[in-house]
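Q: I have a model open and want to learn how to read it. Can we go through it feature by feature?

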Amino acid sequence: MNRYLPLSILALAILAFATLMLVIAPGMQINSRPAPEGLTPYSEAEQRGRETYVSLGCLYCHSQQPRSGDQAPDGERGWGRASVAADYTYDQPHQLGTMRTGPDLLNVGARLPSEGWHLTHLYQPRAIFDWSIMPAYPYLFDEKPQAGPGDVVVALPAEYAPQDGVVVATQQALDLTAYLQSLDRTYEVPADGLRDHGYGTPDGPEPTPSEEER
Amino acid sequence: MARKSKHSRPDEAFEPYEEHAGVPMPVNWVAIALTIWGTAMLYDTGESVQESLQDRAEDSDVVAQSVPDEGTLLFGANCATCHQPDGRGLRDAVPPLAGSEIVAAGPDIVSRILLRGIDGPLTVVGQDFDGHMPSFDSALNDAEIAELASYVTTRWADTTEATAQTSEEVASLRAEIGDRGSFGGGAELAMMISSLPDQPPMPARSHVQAGDQAARDLVFAGRDQVWSCASCHGDLGQGDESTPRLAGLPGAYIVKQLQNFREGTRENESMQLVVQGLSDPEMTALGAYYTDLRVPSTARPVLSGDLKRGEQLALQGDWSIGVPACFTCHGPSGFGVAPNFPGLSAQHAPYLAAQLANWVGGQRHNDALGLMAQISEALSTQDRRAVADYLASLPPVPAGGASMARMETQDDQ
């Protein structure tokens, strides 16, 4: 163990090589891609909502990475097409997530564009899905005897509504909802979109003979 | 074990060994012969693979030549379900192309109609029709529309003028038309074609724009306890992903689904909550509202399904798995048949595929005779994706398509 110099150099070289191949090269590959045409940067409200999303730890139960059809039936679930690197252009930090205790949310704004629905669901998920295990977030809402001007009242079925008065959304709830509504990556994949096709081909799960003949 | 046996034991110092024996000569000969044969085979098959590749290429050339040309294929897939393969149309329901004064006006007009569609009464070859031709703007590309327009005029227009249309011409037409919407029946067509016979006047469409005020309130404002229809299904009932497109569905079908949500024969938590607050007259008003809506298709094939297979299932069905053609019940080109069969064309692929799964999974059991459940059971996941993607690629239900379907039924009787 007295040849520590060559040993350290070799170890560092291996690390540098791995960093080059796994971090720097893919980083260059992804950074050179422009943002997709259909993707707009988050507005201020949406960005605030995104910070709430991060702080509430939504990521622990909700992924933001739909899979391709040959890996999971995400398409049929309405979760959208398999995502590509460019879909996350404005996501800092990304919220890919690994757990799917709840549904994938990358396209929740496309399949559930209703602000009212999201407010009800955030206030009390059980008001809609009696089997839901999602936590309720009542602290994002205020109970008031009467809705003031500009207040957004949450639609609630009788058994979840307060005895008297109304539930109104705070700015935080509205921002979070704005963020959820903005999650819509249903535009066409850019022609040069970087993605992993899994076991399928770029055109679909398996090429059909008729297409091959052409 | 060995120690307990009564056999004589070998000496402690005994080392096992094997007597040396050479490989018998015949085995060597066989090995050498096999090697030579294998090498020869490698060369031989190498050549025959080349040959068979060539053969196959020649074969496919022959097949390609016998396949009907592009125009015939496009006509069969997009037009023939309504206008019939011989272009004679359906009496009282679908105008004929053969002998039509409109087709005679040339490929330019045909392309315009393909791009815009027709929505209003028109007279063709002395017959009156309640015209509901879909716009193929979103469904076909420039080259395909050019091909179709050339095909239709070459085949049916009794003219000596040029019948060819190029995709560049279609592209400039598309730009010129923009989003002007459907032709207002024969009346608007007559403004472009001077040779057209007298056309019926276009009826006023005020009722569609106004709608029932109560229904409009529900659609856009909702109630205290529930969200508005438009907040999920879109301002024009266009839907997205797993939220269905409602525009143009038969009113009675919408009412039945709402009632089924209430009864629990169709499960969807959000909709079940919504229908709790709806009365029967309100449901009827909502059905009437959505059936009259016109909106271009926003659906695309997104499930990477095999469109050819989807087209086969929709047009011919697959009797090897006991599945009838979708269009036998859901109407020509999947426009729906009021009151029971919803339109399928331009419906969102994720919604369609999810419903097919729901028929099997038990979230939906509101079909008469369990027909859809049987069909869905027979379809593989790939088939469901294929047919959903194909239907999503079709042009949207022409508004009032239900009335066309009704007339067709009368025609049959």
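Q: Among contacts in chain A between residues at least 6 apart in sequence, what share join residues at least 24 apart?
A: One caution before the numbers: this is a predicted model. In chain A, 70% of those contacts join residues at least 24 apart.

Q: Which elements make up chain A, and in what order do they run?
A: Read the elements from the N terminus on. Chain A has six helices and two strands. The order is α-α-α-α-β-β-α-α.

Q: How much of chain A is buried?
A: Buried means under 20% relative accessible area. Of the 214 residues in chain A, 40% are buried.

Q: Where does A136(A) sit?
A: Start with the element, then look at accessibility and neighbours. A136(A) belongs to the loop between α4 (115-123) and β1 (141-144) of chain A. Its relative accessibility is 25%, so A136(A) counts as partly exposed.

Q: Which residues is A136(A) in contact with, leaving aside neighbours within four places in sequence?
A: The contacts are L122(A), Y123(A), Q124(A), P125(A) and R126(A). Take L122(A): it is 14 residues from A136(A) in sequence, while the C-alpha atoms are 6.0 Å apart in space.

Q: Which peptide bond in chain A is cis?
A: Check omega. The bond from Q92(A) to P93(A) is cis, with omega near -5 degrees. P93(A) lies in the loop between α2 (44-56) and α3 (108-111) of chain A.

Q: Now chain B. What domains is it divided into?
A: The bounds come from a domain assignment. Chain B has domain 1 (71-192), domain 2 (211-291) and domain 3 (307-412). The C-alpha centres of domain 1 and domain 2 of chain B are 34 Å apart.

Q: How do I read the packing of a helix, say α2(B)? Which of its residues are buried?
A: List the buried residues, then see what they pack against. In α2(B), G71(B), L74(B), F75(B), A77(B) and N78(B) are buried. The buried residues of α2(B) pack against α3, α6 (142-156), α15 and α19 (381-392) of chain B.

Q: How many cavities of 30 Å³ or more are there?
A: A cavity is space where a probe fits but cannot get out. The count is three.

Q: What lines the largest cavity?
A: There are 29 lining residues, and H83(B), L97(B), I113(B), I118(B) and M133(B) lie nearest the centre. Sorted by kind, the lining has 22 nonpolar residues, seven polar and no charged. Domain 1 and domain 3 of chain B each give at least three residues to this lining. Several elements of chain B each supply at least two, including α2 (70-78), α5 (107-116) and β1 (118-124).

Q: Is D318(B) buried or exposed?
A: D318(B) counts as buried because its relative accessibility is 12%. Its place is the loop between α15 (307-315) and α16 (326-330) of chain B.

Q: What does the side chain of D318(B) join?
A: Look for a polar contact. One of 2.9 Å joins the side chains of D318(B) and R309(B). Not counting residues up to four places away in sequence, D318(B) touches R309(B), L313(B) and V323(B).

Q: What is phi of S304(B) and of A346(B)?
A: S304(B) has phi near 45 degrees. A346(B) has phi near 65 degrees. S304(B) lies in the loop between α14 (280-291) and α15 of chain B, and A346(B) lies in the loop between α16 and α17 (349-361). At 34% relative accessibility, S304(B) is partly exposed. A346(B), at 0%, is buried.

Notes:
Residues are numbered from 1 along each chain as its sequence is written. Chains are lettered from A and ligands numbered from 1 in the order in which they are written. This is a predicted model: local features need pLDDT of at least 70, side-chain atom pairs count only at pLDDT 80 or more; totals for chains, interfaces and linings use all residues. Side-chain values use heavy atoms; hydrogens and water are left out. On a 1 Å grid over the protein atoms alone, a cavity is a set of points where a 1.4 Å probe fits but cannot get out, and a pocket is an open set with protein on both sides within 12 Å along at least five of seven lines; lining residues have an atom within 4 Å of a point. Grid points are joined across faces, edges and corners, and a volume is the space filled by probe spheres set on the points. Helices (H or I, at least four residues) and strands (E, at least two) are DSSP runs, numbered from the N terminus. Ala, Val, Leu, Ile, Met, Phe, Trp, Tyr, Cys and Pro count as nonpolar, Asp, Glu, Lys and Arg as charged, and the others, Gly among them, as polar. Buried means under 20% relative accessible area, exposed over 50%, partly exposed in between (1.4 Å probe, protein chains only). A polar contact is a pair of N or O atoms within 3.5 Å; within protein, one must be able to donate a hydrogen and the other to accept it, and residues adjacent in sequence count only if both atoms are side-chain atoms. Contact means heavy atoms within 4.5 Å.
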